[in-house]
Amino acid sequence: METLKKYNKDYYGGALMVLIGLGSIYGGLNYQIGTLSHMGPGFFPAAVGGLLAFTGVLIAIGGKTGAKEKEEGAGTHVPSSHPTGMPDMRGTICIILGILAFIFLGHYGGLLPATFAITFISALGDRKNTVKQALVLSLGMVVIAVIVFWWALQLQLPLFQWG
């Protein structure tokens with residue numbers, strides 16, 4: 001049991017991401033991969049799985065080194081909760097509301113209002129963000145969404161629509 005205490009939740013979360021990424025690569029290999037200019041149906045799951053596995057490795061490494069640093073500075077951890085002992089739910093609520101706003105506005109309003117809403121509402125979930133920072137971030141994400149999804153990928157979601 002002493003060995004298990006040496007690793008923190010980031011280590012196990014990273015390991016889980018590696019497993020999911022490898023599973024996605026394996027699933028993608030069951031289809032034709034293709035090339036960058038002529039991508040097959042297995043290209044995207046394999047590419048995303050590779051990125052997920054790589055990110056998981058980085059998180060697991062950070063989790064393991066973070067556990068060592070935590071051992072050295074034991075007793076300095078401050079829990080992220082309210083003074084009442086309840087966990088801080090602001091981030092969770094804002095992300096869920098942002099996703100719901102994206103679904104609703106994507107269907108009835110188009111790509112621009114949906115992208116703005118999910119970014120703005122989710123950004124307000126972080127107590128360090130101001131309304132101005134959330135606004136700037138949202139406008140930047142709208143520009144990126146237009147360039148990537150509407151112009152480059154020619155996604156069939158209109159920029160604006162009413163109803």
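1. Start with the helix pair: α4 (residues 90-108) and α5 (residues 111-123) pack at about 175°, axes 8 Å apart. Axes here are lines fitted to C-alpha atoms over the stretch in contact, with angles between N-to-C directions running from 0 to 180 degrees. Since over 145 degrees counts as roughly antiparallel, α4 and α5 are therefore roughly antiparallel to each other.

2. Who touches whom (contact being heavy atoms within 4.5 Å)? On the α4 side the residues include Cys94, Ile95, Leu97, Phe102 and Leu105, and on the α5 side they include Pro113, Ala117, Ile118 and Ile121. By class, this contact has 12 nonpolar, 4 polar and no charged residues. Nonpolar covers Ala, Val, Leu, Ile, Met, Phe, Trp, Tyr, Cys and Pro; charged is Asp, Glu, Lys and Arg; the others, Gly among them, are polar.

3. A word on provenance: this is a predicted model, with local features needing pLDDT of at least 70 and side-chain atom pairs 80 or more, while totals for chains, interfaces and linings use all residues. Residues are numbered from 1 along each chain as its sequence is written, and side-chain values use heavy atoms, leaving out hydrogens and water.

4. Of its 163 residues, 21% count as buried, meaning under 20% relative accessible area with a 1.4 Å probe, protein chains only.

5. Back in α5, have a look at Thr119. Thr119 is buried at 12% relative accessible area. Beyond neighbours within four places in sequence, Thr119 contacts Leu137, Ser138 and Met141.

Terms used
Helix = DSSP H or I, 4+ residues; strand = E, 2+ residues; numbered from the N terminus. Parallel < 35°, antiparallel > 145°, perpendicular 65-115°, else oblique. Contact = heavy atoms within 4.5 Å. Buried < 20%, exposed > 50% of the residue type's maximum accessible area, 1.4 Å probe, protein only.
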